[in-house]
Amino acid sequence: MTATLPVAVVQLQADADAHANAGAARAAIVGADPAEFVLLPEYTSGWAKRLGPELAQSPQSEFHTAVRSAAAEAGRTVVLGTMEPDDDAAPRCVNVARAVGPHGQDLGSYRKVHLFDAYGISESDTLVAGPAGAEHALVLDVGPLRLGVATCYDLRFPEIFRVLADAGANVFAVGAAWAAGEGKADLLLTLARARAIENTSYVLISSQPGPGRSGHSAIIDPTGVVLAQADDREQRTLHAELDPEVIRAARARVPSLRHRRYRVVPA
């Protein structure tokens, strides 16, 4: 096990072609040297300006098979966002962040709790929200660090990141298809830096670029310093080495997690 964790944050533009999206995801995972962990965006499996059930990909689909195969081939842990059918709520679907291990094994999943019903967009027309509560959080150990998973609009709700921190997470992996608009990229970075600072944790943001999306994927350290960032158009992979010593030093200087006087409970 390495003393640091080399990570790759992929800024990838998906569309409604699931086959093409599978190929792009596979190429990004296999080509992410020297990363041991790879984060891809929300809706990597399929995105359109107006979401619909036709974008959903089952866990047994070509898309998911390609991701598992790529993770196993590269020997990397992967987290990425998908849209999947929900038999209990058809035709509505679920927004799922899935974690795949370095042998292609399923490590767990997180159903997006906060649906984006804002700025004239209504995800809840197509999606069912995931259940709230610490028991539904997705946290996994990767190398020397512990990752907690969240999705896009969750960034506006700091309590979910406190739940992840309480579960031991010191890195937050957030996939996004952050909506474009005036000032939206600044909001994304401001919220991501705030989540890093208040939890003295690394934040990884993989955000889709392209029409209707903001891009601006980023890697942020536990003091809020932006280590790497993409623009709103380019498809590229950001790299960084995440160091547990940086986290320990930040928490020694500002032990805000130990100073807390409140706990988080589901609404």
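Helices, meaning DSSP runs of H or I with at least four residues, and strands, meaning runs of E with at least two, are numbered here from the N terminus. Good morning. The structure before you is a predicted model, in which local features need pLDDT of at least 70, side-chain atom pairs count only at pLDDT 80 or more, and totals for chains, interfaces and linings use all residues. Residues are numbered from 1 along each chain as its sequence is written, and side-chain values use heavy atoms, with hydrogens and water left out.

I begin with the pockets. The search ran on a 1 Å grid over the protein atoms alone, and a pocket is an open set of points with protein on both sides within 12 Å along at least five of seven lines. A lining residue has an atom within 4 Å of a point. Whereas a pocket is open, a cavity is a set of points where a 1.4 Å probe fits but cannot get out. Grid points are joined across faces, edges and corners, and the volume is the space filled by probe spheres set on the points.

The largest pocket has a volume of about 610 Å³. Its lining consists of 27 residues, and those nearest the centre are Lys-49, Leu-51, Phe-116, Ile-121 and Ser-122. By class, the lining of the largest pocket holds 13 nonpolar, 5 polar and 9 charged residues. In this scheme Ala, Val, Leu, Ile, Met, Phe, Trp, Tyr, Cys and Pro are nonpolar, Asp, Glu, Lys and Arg are charged, and the others, Gly among them, are polar.

The second largest pocket contains about 330 Å³ of space. Of its 19 lining residues, Val-113, Ala-132, Gly-133, Ile-160 and Val-163 lie nearest the centre. Which helix supplies the largest share of this lining? That helix is H3, with 4 residues. The lining of the second largest pocket divides into 15 nonpolar, 3 polar and 1 charged.

The expected span of a helix is 1.5 Å times one less than its number of residues. Buried means under 20% relative accessible area, exposed means over 50%, and partly exposed lies in between, with a 1.4 Å probe and protein chains only. The buried residues of H4 are Lys-184, Leu-188, Leu-191, Ala-192, Arg-195, Ala-196 and Asn-199. Seen down the helix axis, these buried residues fall within an arc of 135°, so they line one face of H4. The arc is taken from the directions from the axis to the C-beta atoms. Asp-186 and Thr-190, on the other side of H4, are exposed. Taking contact as heavy atoms within 4.5 Å, the buried residues of H4 pack against helix H3 (158-166), strands E10 (171-176), E11 (202-207) and E12 (218-220), and helix H5 (244-253).

Helix H2, residues 62-74, has 13 residues and reaches 18 Å from its first C-alpha to its last, close to the 18 Å expected. Among its buried residues are Phe-63, His-64 and Val-67. The cover over the buried residues of H2 includes helix H1 (18-30) and strands E3 (77-85), E4 (93-100) and E5 (106-111). Gly-75 follows H2 with a positive phi near 70°.

Strand E3 contains Leu-80, which is buried at a relative accessible area of 2%. Leaving out residues up to four places away in sequence, Leu-80 touches Leu-40, Pro-41, Thr-44, Phe-63, Val-67, Val-96, Ala-97 and Arg-98.

Finally, the backbone geometry. Most residues other than glycine have a negative phi, and most peptide bonds are trans. The bond from Asp-33 to Pro-34 is cis, with omega near 0°, and Pro-34 sits in the loop between H1 and strand E2 (37-39). Another cis peptide bond joins Ala-90 and Pro-91, with omega about 10°; Pro-91 is in the loop between E3 and E4.

His-216 lies in the loop between E11 and E12 and is partly exposed, with a relative accessible area of 23%.
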